[in-house]
Amino acid sequence: MAERNKRVFIFDIDGTIAPNGGIVSEDMKGFLQELRKKMHVAVVGGSPTYRLYDKLGQNVLEQFDFVFPENGLVAYKNGQMLEEKSIIKTVGNEKLNLIINWCLDYLSKLDLPLKRGTFIDFRTALINVSPAGRHLLPDDRKVWVDYDQKHNVRKTMVAKLKEFIKGWGLDIVIGGQMGFDIFPMGWDKSVCLQYLEHFEEIYFIGDKTLEGENDYPLFCHPRLSQRAYNTTGPEYTRKKVEELFFSHHIENGH
């Protein structure tokens, strides 16, 4: 137990323990519970709390030692909320209106192979923008992902939006396959580390670890030196954790 209390492993969600746009499998849930016997386990993702219920189950807040929705800007420990940051209180309604109007104008002129619903998702601590809309069926999602990779739709929009908000103290990062997040400087995924200061060893694994992507601030943080890993998906994530902490592979989460 003493050794367990010295270590914590932080897992990104989409593309790391769940397929992009999918849910965490029962096998992965069981595996993470086995890991909890060895150390504390935390999950961090860009989605708001209510969407984590869909991805990880209705008991997600009780199944993990720490849960960090909205990139860690909302924080839970052992099922109890620790803090909830507010982008409205920090940035102000006037600037937020200007940002949203700019995005809506830009998107209205953007020619894409398809557009669906929910282009702007206003959350507690950040704004998520999805150029094609968040509500894409699997086949539509593939069309969008391929198009974005070929034409750098998100990268281009982010670069232009950064020019518009220059000097406002805001940051923008690309995450997952669908969109990007806007939030005050310093409100990136590394925020969650303030709740983990008592741990001697902190580990992290995520799929968006390049500079400008939303896992990068944690991936390159000095407190995680030599303990941060990139993954290509849930299968690789499990394989990597098994290599690090289990002398034998665990079958079906047992």
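Residues are numbered from 1 along each chain as its sequence is written, and side-chain values use heavy atoms, with hydrogens and water left out. Because this is a predicted model, local features need pLDDT of at least 70 and side-chain atom pairs count only at pLDDT 80 or more, while totals for chains, interfaces and linings use all residues.

Trainee: How many helices and strands does the protein have?
Mentor: Helices (H or I, at least four residues) and strands (E, at least two) are DSSP runs, numbered from the N terminus. Counted in this way, the protein has nine helices and eleven strands.

Trainee: What is the radius of gyration of the protein?
Mentor: The C-alpha atoms fill a box of roughly 55 × 40 × 35 Å along the principal axes. The globule rule, which is 2.2 Å times the number of residues to the power 0.38, gives 18 Å for 254 residues, and the protein is as compact as a globular protein of that length because its radius of gyration, taken over C-alpha atoms, is close to this, at 18 Å.

Trainee: In what order do the four strands of the open sheet stand?
Mentor: Two strands pair if DSSP finds at least two bridges between them, and β6 is joined to β7 (residues 127–129) by three, with aspartate 121 opposite asparagine 128. The pairing in the sheet is antiparallel, and the order is β6-β7-β9-β8. The edge strands, each pairing on one side only, are therefore β6 (120–122) and β8 (170–175).

Trainee: Which helix packs on the sheet?
Mentor: Axes are lines fitted to C-alpha atoms, for helices over the stretch in contact, and angles run from 0 to 180 degrees between N-to-C directions. The helix in question makes about 180° with the direction of β8 and, with contact meaning heavy atoms within 4.5 Å, touches β7, β8 and β9 (179–184). This is helix α7, residues 153–164.

Trainee: How far apart are the end C-alpha atoms of helix α9?
Mentor: The buried residues of α9 include Thr237, Val241 and Phe245, and what covers its buried residues includes β1 (7–12) and α1 (26–36). The expected span of a helix is 1.5 Å times one less than its number of residues, so the twelve residues of α9 (234–245) should span 16 Å, which agrees with the separation of its end C-alpha atoms, 16 Å.

Trainee: Is glutamate 201 buried, partly exposed or exposed?
Mentor: Glutamate 201 lies in strand β10 and, not counting residues up to four places away in sequence, touches Lys6, Arg7, Val8 and Arg227. Its relative accessible area is 23%, so glutamate 201 is partly exposed.

Terms used. Buried means under 20% relative accessible area, exposed over 50%, partly exposed in between (1.4 Å probe, protein chains only).
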